[in-house]
Amino acid sequence: MGTGTDYEEKIAVFTNGWNDEYLGFALQGIRDTATRYNMDVYVFMDYTSYDKTEENILGELNILNLPDLKNFDGVLLLGNTLYAAGEIDILRERVIEADIPAVCLEALIDDIDCFRTENVNGMKELTEHLIVKHGVRDIFWVGGPSDNKESIDRYNAVKETMNKHGLSVDPRKSVDGSWSFAIIQELMPDIIQGMDRLPDAFICANDVMAMGVCLSLDRAGYKVPDDVIVTGFDNLLSGSYFSPTIASVDRGWSTRSSQATEHLMSIMEDGPRCSDTVFDSTFDPGESCGCPITAEEAFIQKEGGRRTYSLPLERTVFDWHLLDIDAATAGIKKKSELHDAYKDLWSKNHSYEGDTFALCIDHTYMRSVEEDIMPLTEGYSEKMDVVFCMVDGRVMPEGSIYTKDLVPYYTSNPDDSVMFLFVPLHNQQYCEGYLVIKDNYKVIKDFYLNSLVSHISLGIDRGRQNIKLENMNRKLQEISVQDELTGLLNRMGYEKLAIPYLEKLREQRKKAIILVADINRMKLINDRYGHLHGDNAIKITANAIMKMIPKEWKAVRYGGDEYVIIGEAALCDNINHVKKKIIEDIDRQVAELKLPFKLSVSIGYVNVVSDSNLSIEECFRMADDAMYKMKEMAHKAEESEA
């Protein structure tokens with residue numbers, strides 16, 4: 001299976017996927033710059049967040065373990081997204097250890113060059129505008145995580161500007177919204193209801209929370225900006241679509257990401273370092289602070305209105321695709337069926353995944369489907385099983401790759417540039433593998449990618465459970481028809497497997513053989529030497545039978561020391577030779593184990609010809625009679641020896 005080569009030039013980008021609008025701008029800037037340098041871009045993305053369980057966060061963070069940074073020419077960290085689970089600290093340590101050129105975007109990290117837009121000037125400009133233009137005197141702060149430096153800087157900028165005008169900020173009038181729309185939606189109703197009166201403005205640390213505040217105020221019967229002003233930060237496109245448009249602070253994301261990538265390319269060629277390059281943020285007024293919008297902004301808002309209509313329809317179509325993903329693995333019962341299930345799914349529709357993508361399942365996880373081992377919780381196996389791969393719209397054969405190669409069926413081209421997205425697949429903390437997508441970062445928008453990988457992960461786990469359940473049922477079935485002491489078929493196995501086998505031979509008009517075996521003087525062995533030796537006698541006889549008969553034949557422990565063997569005559573050249581070999585093997589085992597008793601068996605048999613009118617019961621009686629004649633002869637021989 002083709003993989004990347006040693007001459008490949010590539011950079012690793014690490015980011016969180018939740019801020020989809022920011023990533024749209026940032027990845028576009030990175031891609032445009034990397035293309036000019038014919039550099040491949042490998043984007044490793046997690047979806048950690050503050051409201052996820054610890055197990056889920058561990059599963060997401062495992063994607064940081066996937067790449068060996070020593071195999072890359074440079075690293076770009078989208079630092080303002082890597083805060084939910086300490087990703088920044090983890091990645092800084094690995095960058096330093098790999099001794100690789102690196103740049104961090106929008107977060108200051110020791111020993112790594114940083115390109116960032118400061119948080120202060122734009123927020124000061126916003127607060128100044130609210131005070132001077134709109135007469136704001138009393139504010140409520142809606143912040144990011146309480147320990148987040150960006151949020152702290154923005155809050156301090158608000159306080160400093162308020163203090164400059166002789167105003168103060170009541171520390172009790174604040175809430176930690178953790179950058180989350182969902183958290184704000186949960187917290188704001190109680191906050192609004194508990195207020196004696198509204199503040200003049202809710203100043204929010206990002207646009208996502210600002211939109212959440214606006215909706216909460218609207219539900220409580222208040223209008224923005226008529227009753228209260230609301231502002232944000234980041235100048236999201238969705239804030240321009242929103243009504244009212246969100247007054248915000250612009251950070252020039254696409255420009256910053258392009259500049260950071262340019263600098264990374266420079267230091268990869270031993271260019272000068274710059275520990276911290278800072279650009280000004282700027283205030284962008286909007287309807288939510290009471291300012292009119294420009295004609296261009298009105299057009300954007302109008303387009304947003306149209307999108308509001310089309311988005312539910314688009315999402316409905318996408319949801320149908322997710323249902324197809326769910327259904328793909330619902331009925332599989334074997335590992336070998338996974339590829340075909342996904343082939344049926346994505347051959348029909350891969351419009352969201354793109355024309356080139358692969359489902360790489362961790363080898364340990366695949367082993368855990370049929371073996372009694374647990375999937376990994378940290379790191380990846382040496383190999384990945386490529387359960388499904390499509391290249392340029394063509395389904396590729398399933399196979400495996402070394403994990404270090406990352407992308408199946410890919411050989412880099414020094415005159416071209418591609419971008420790969422890597423997203424973890426996991427069930428809670430347990431690693432399933434990863435999804436890799438080529439040149440399709442637009443799938444991040446509206447959280448389509450997160451929904452895709454969530455449903456794929458659930459489908460893989462469902463398939464695993466189905467296979468394990470099927471294997472368990474098969475084992476239970478085997479146990480139900482298997483004698484515990486000898487491993488031969490038991491009486492139920494005789495009814496369910498041996499008799500149907502004989503009937504099938506007769507239906508096919510094939511000659512069959514029925515053997516009946518019985519241990520001589522078994523009661524004497526039990527009475528004189530104990531039941532432990534008696535069990536040994538039974539197992540030794542069973543071992544000899546299984547070893548000497550054709551594997552297609554059915555051997556049954558019919559009773560305590562009685563055995564029935566049924567087989568197709570054509571599979572045995574000489575039945576008397578088989579009888580002799582069974583007896584010889586029993587003698588050999590007795591000698592090796594140095595047992596204190598003599599062990600012998602009597603074996604009788606009957607040929608069942610294809611055109612015989614005898615019933616099965618009559619055939620067995622004839623074989624049984626033959627065995628008893630052998631037993632009588634054996635007993636007479638023993639008596640004469642005595």
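Trainee: Where is Pro-225 found?
Mentor: Pro-225 sits in the loop between α7 (207–219) and β9 (229–231). Keep in mind as we go that this is a predicted model. The peptide bond from Val-224 to Pro-225 is cis, with omega near 10°.

Trainee: Which peptide bond has omega near 5°?
Mentor: That is the bond from Ser-243 to Pro-244, and it is cis. Pro-244 belongs to the loop between α8 (237–241) and β10 (248–250).

Trainee: What makes the pairing of the Asn-62 and Asn-65 side chains a polar contact?
Mentor: A polar contact needs a pair of N or O atoms within 3.5 Å, one able to donate a hydrogen and the other to accept it. The side chains of Asn-62 and Asn-65 are joined at 2.7 Å, so this distance is within the limit.

Trainee: Is Asp-111 buried or exposed, and how do you know?
Mentor: Exposed means over 50%. Asp-111 has a relative accessible area of 54%, so Asp-111 is exposed. Asp-111 is in the loop between β4 and β5 (113–117), and its phi is near 70°, a positive value in a residue other than glycine.

Trainee: And what is the burial class of Ser-178?
Mentor: Ser-178 has 15% relative accessibility and therefore counts as buried. Its phi is also positive, near 50°, and Ser-178 lies in the loop between β7 (174–176) and α6 (181–193).

Trainee: Now the charged pairs. Why do Asp-439 and Arg-31 count as a salt bridge?
Mentor: The rule asks for a side-chain nitrogen of Lys or Arg within 4 Å of a carboxyl oxygen of Asp or Glu. The closest N and O atoms of Asp-439 and Arg-31 are 2.9 Å apart, so the pair qualifies. The two partners are 408 residues apart, Asp-439 in the loop between β18 (430–438) and α13, and Arg-31 in helix α1 (residues 20–36). Arg-31 is buried at 16%, whereas Asp-439 is partly exposed at 35%.

Trainee: What about Asp-138 and Lys-173: how far apart are the closest N and O atoms?
Mentor: They are 3.0 Å apart, so with a limit of 4 Å this is a salt bridge too. A search of the whole structure finds 26 salt bridges. Some are linked in a network: Glu-106, Glu-150, Arg-154, Asp-234 and Arg-251.

Trainee: Last one: why is Met-472 called partly exposed?
Mentor: Partly exposed lies between the buried limit of 20% and the exposed limit of 50%. The relative accessible area of Met-472 is 47%, so Met-472 is partly exposed.

Technical notes:
Residues are numbered from 1 along each chain as its sequence is written. This is a predicted model: local features need pLDDT of at least 70, side-chain atom pairs count only at pLDDT 80 or more; totals for chains, interfaces and linings use all residues. Side-chain values use heavy atoms; hydrogens and water are left out. Buried means under 20% relative accessible area, exposed over 50%, partly exposed in between (1.4 Å probe, protein chains only). Helices (H or I, at least four residues) and strands (E, at least two) are DSSP runs, numbered from the N terminus.
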